[in-house]
Amino acid sequence: MLRGLVRSYAVEAGLSGVRLQDLVLAVNEAAANVLDHAHGEGDVQAWHDDRFVMVEVRDCLGHLVPAHADAGNPGVATLRGRGLWLMRQLCDEVKITRDAQGSAVLLRQALGDVPTHD
């Protein structure tokens, strides 16, 4: 159900094609992490502007910290631990924040071509 809601919202915002599929997969992975590591306690919010679709997946435990966003590819020797790395491969930006209410993964995807850094 979450994938369908994210897909519909992102399509209405103007996202399409592979970039749309990538965002939906990344959000699914972030939500799966909340189910696996935060006992399913969290929420998802989405918004957009004229350049980007942003989706924030928040958990209530706060185990993730900003440094986790830079995790490398865990390689083939491990069965788990690819989620954040995968999100970084799929989205233009992955940012993690942590506060008293928990941790949040912000996924940002450009509506058009991949933006260049200023």
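In the predicted model, histidine 48 lies opposite valine 53 of β2; strands (E, at least two residues) and helices (H or I, at least four residues) are DSSP runs numbered from the N terminus. β1 and β2 run antiparallel and are joined by seven bridges, where pairing requires that DSSP finds at least two bridges between two strands. Helix α1 packs on the sheet and touches β1 and β2, contact being heavy atoms within 4.5 Å. The direction of α1 makes about 15° with that of β1; axes are lines fitted to C-alpha atoms, for helices over the stretch in contact, and angles between N-to-C directions run from 0 to 180 degrees.

The sheet is open, with four strands in the order β1-β2-β4-β3 and antiparallel pairing. Because β1 (42-48) and β3 are edge strands with a single partner strand each, one side of each is left without a neighbour in the sheet. From one strand to the next, the twist averages 15°.

The largest nonpolar core comprises 24 residues, of which Leu15, Leu23, Val27, Val53, Met87, Cys91 and Leu107 touch the most other members. Such a core is a set of buried Ala, Val, Leu, Ile, Met, Phe, Trp, Tyr and Cys residues joined through side-chain atoms within 4.5 Å, with buried meaning under 20% relative accessible area (1.4 Å probe, protein chains only). At least two core residues each are supplied by α1 (2-13), α2 (17-37), β2 (52-59), α3 (83-90), β3 (93-99) and β4 (102-110). The largest share, seven residues, comes from α2. Beyond its neighbours within four places in sequence, leucine 23 contacts Ala10, Leu15, Val53, Val55, Cys91, Leu107 and Gln109.

Residues are numbered from 1 along each chain as its sequence is written, and side-chain values use heavy atoms, with hydrogens and water left out. As the model is predicted, local features need pLDDT of at least 70 and side-chain atom pairs count only at pLDDT 80 or more, whereas totals for chains, interfaces and linings use all residues.

Conventions: Buried < 20%, exposed > 50% of the residue type's maximum accessible area, 1.4 Å probe, protein only.
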